[in-house]
Amino acid sequence: MGAGKTTRGWDVARLLGRPFVDVDEAIATAHGPIAELFATRGEAAFRELEARFVREALARHEPTVIAVGGGAVETPDLVRDDRAVVVHLRIDVETAWERVKRSERPLAQDEAEFRRRFELRVPLYASVADATAHDRDDVVLAVAGVHVERGAVQRLGDLVPGEGAVALVSDPQVAGIHGMDAQLALGSRLAETHELPPGEEAKTLAALDRLWQELRLDRSGTVVALGGGCTTDAAGFAAAAYLRGIPWTPVPTSLVAQVDAAIGGKTAIDLPQGKNLVGAFDWPDRTVIDPALLETLPEPQRLEGMAEVVKTGLLAGAPYWELPDDELVRRCAAFKSAVCLRDPHERGERAMLNLGHTFAHALETAAGYEGLTHGRAVALGLLAALRLSGRETGIVEEVLKPKPVRVDRDRAWQAMHRDKKARGGELRLVLLGDDGPRWNVAVPEEDVRRELDRLIA
Ligand SMILES: NC(=O)c1ccc[n+]([C@@H]2O[C@H](COP(=O)([O-])OP(=O)(O)OC[C@H]3O[C@@H](n4cnc5c(N)ncnc54)[C@H](O)[C@@H]3O)[C@@H](O)[C@H]2O)c1
Ligand SMILES: [Zn+2]
């Protein structure tokens with residue numbers, strides 16, 4: 001009571017584009033004010049009525065955000081449903097009492113009684129909740145199955161869903177630094193460990209062929225991918241196809257992977273013809289993000305990730321790049337989770353996550369993927385996207401310090417065309433409008449070419 005379920009519920013529903021049911025409000029609409037129901041029929045009768053409304057809401061076919069009254073946990077097994085993610089909106093008793101003390105709520109008329117109930121319910125919430133949340137982003141992360149917690153790796157055995165055996169897949173560098181912690185935390189669940197080659201070498205058919213032949217898990221097992229985006233992309237695809245698909249849990253260790261690659265269920269390997277050409281959409285059972293892992297990340301890798309952080313902040317209209325690591329990761333992961341929950345298979349708005357990327361891919365192709373990292377290319381691409389959006393570029397310059405790159409101009413221009421099929425002299429790009437990101441925006445070719453040229457030394 002007083003935790004803000006109605007406000008947050010609306011927030012989350014609006015953000016995810018889902019309907020919202022406030023159980024208390026539905027009851028009041030159908031049967032009159034709750035205070036009166038309590039007075040005339042008593043609490044037991046109210047709980048019965050409440051149970052009916054909660055079950056009805058849970059039975060809806062369409063995914064729905066449901067705010068359940070604070071007392072519903074007192075009805076055994078009511079707030080439990082395999083299809084539902086149950087989120088406990090955390091609040092302390094002082095704040096809760098301050099918010100409700102002058103309200104009409106029947107159970108908030110006496111402070112001592114209010115506190116007694118509050119204490120009584122705390123363990124009940126803990127026993128039904130899949131996750132606890134303090135704000136909207138926490139709720140979105142819970143719905144997406146993304147668990148962000150400093151030190152989470154130490155609890156990996158509990159955090160990997162299910163009870164079956166685990167195959168731990170990593171790269172040599174990450175295995176050397178964090179592999180032992182992960183193995184210890186997985187305890188008796190750890191059945192096998194595997195190493196993929198470092199970097200993009202992991203995302204090859206040869207590497208996966210070897211991994212598939214080594215895997216011994218049966219269908220009750222889980223692949224845990226501990227590493228950067230190359231490890232999570234490759235191991236995720238390995239899990240998606242092994243035995244026609246078994247569960248997987250990425251444990252991203254690089255900034256790129258924590259804010260981007262391990263969120264949203266895209267897995268892939270590369271072909272000689274291009275990056276990410278074979279893969280699967282396969283939403284992980286859970287994503288475990290431990291921001292403490294970033295402390296061993298080399299500075300150049302951190303800068304790679306910051307390019308995606310700046311991209312995310314620009315899309316969200318909030319300076320995420322200024323936040324301390326834990327919060328920066330949480331906010332970026334929540335933003336990407338929300339976009340991907342709304343559009344899991346990239347039929348529409350998920351394309352916004354490509355802000356700056358059409359330019360970046362063109363520059364990377366022109367550089368032959370040598371000497372130009374993805375992050376550096378994205379930093380340049382963001383400059384171009386901001387200029388075409390009529391925006392200041394100061395933040396990108398300040399945080400990412402992009403420098404024009406020496407590549408062949410015509411090769412870059414050709415690659416740009418291949419990446420986004422031009423229609424009638426126009427290219428389609430993601431831009432920032434006054435009211436937020438827009439995707440599939442037609443931009444005249446000469447404007448695109450001019451901005452591309454400015455990125456090249
Ligand atoms: N699936 C998606 O939606 C998505 C999104 C963005 C990027 N990606 C993919 O991600 C890949 C790039 O990811 P990346 O930049 O993480 O590359 P990566 O996996 O190669 O990791 C970069 C380097 O950092 C090291 N490293 C990682 N974590 C570390 C840690 N905690 N301490 C010390 N060293 C650590 C790795 O060993 C590696 O050498 C690309 O293949 C890209 O296509 C996928
Ligand atoms: Zn990127």
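Let me start with the ligand. Ligand 1 is surrounded by 26 residues, and the closest are Asp171, Glu200, Thr253, Ser254 and Thr296. Keep in mind that this is a predicted model.

Asp233 places a polar side-chain atom 2.9 Å from a nitrogen atom of ligand 1. With Lys266, a polar backbone atom is involved, at 3.0 Å from a nitrogen atom of the ligand. For Leu293, a backbone N or O atom lies 3.0 Å from a nitrogen atom of ligand 1.

Helix α1 covers residues 5–16 and helix α7 covers residues 136–144; their axes come within 10 Å and cross at roughly 55 degrees. The crossing is right-handed. On the α1 side, the contact is made by Arg8, Asp11, Val12, Leu15 and Leu16, and on the α7 side by Arg136, Val139, Val140 and Val143. Sorted by class, this contact has six nonpolar residues, three charged and no polar ones.

The other pair is α5, residues 93–100, and α6, residues 111–128. Their axes come within 11 Å, crossing at roughly 135 degrees. These two helices are therefore oblique to each other, and their crossing is right-handed. Helix α5 contributes Val93, Glu94, Ala96, Trp97 and Val100 to the contact, while α6 contributes Glu111, Phe114, Arg115, Phe118 and Glu119. By class, that gives six nonpolar, four charged and no polar residues.

Conventions
Residues numbered from 1 in each chain as written. Chains lettered and ligands numbered in written order. Predicted model: local features only at pLDDT ≥ 70, side-chain atom pairs only at ≥ 80, totals over all residues. Heavy atoms only, no water. Axes fitted to C-alpha atoms, helices over the stretch in contact; angles between N-to-C directions. Helix = DSSP H or I, 4+ residues; strand = E, 2+ residues; numbered from the N terminus. Parallel < 35°, antiparallel > 145°, perpendicular 65-115°, else oblique. Left-handed = near helix turned anticlockwise from the far one by under 90°. Contact = heavy atoms within 4.5 Å. Nonpolar A, V, L, I, M, F, W, Y, C, P; charged D, E, K, R; others polar. Near = heavy atom within 4 Å. Polar contact = N/O pair within 3.5 Å; in protein donor to acceptor, adjacent residues only side chain to side chain.
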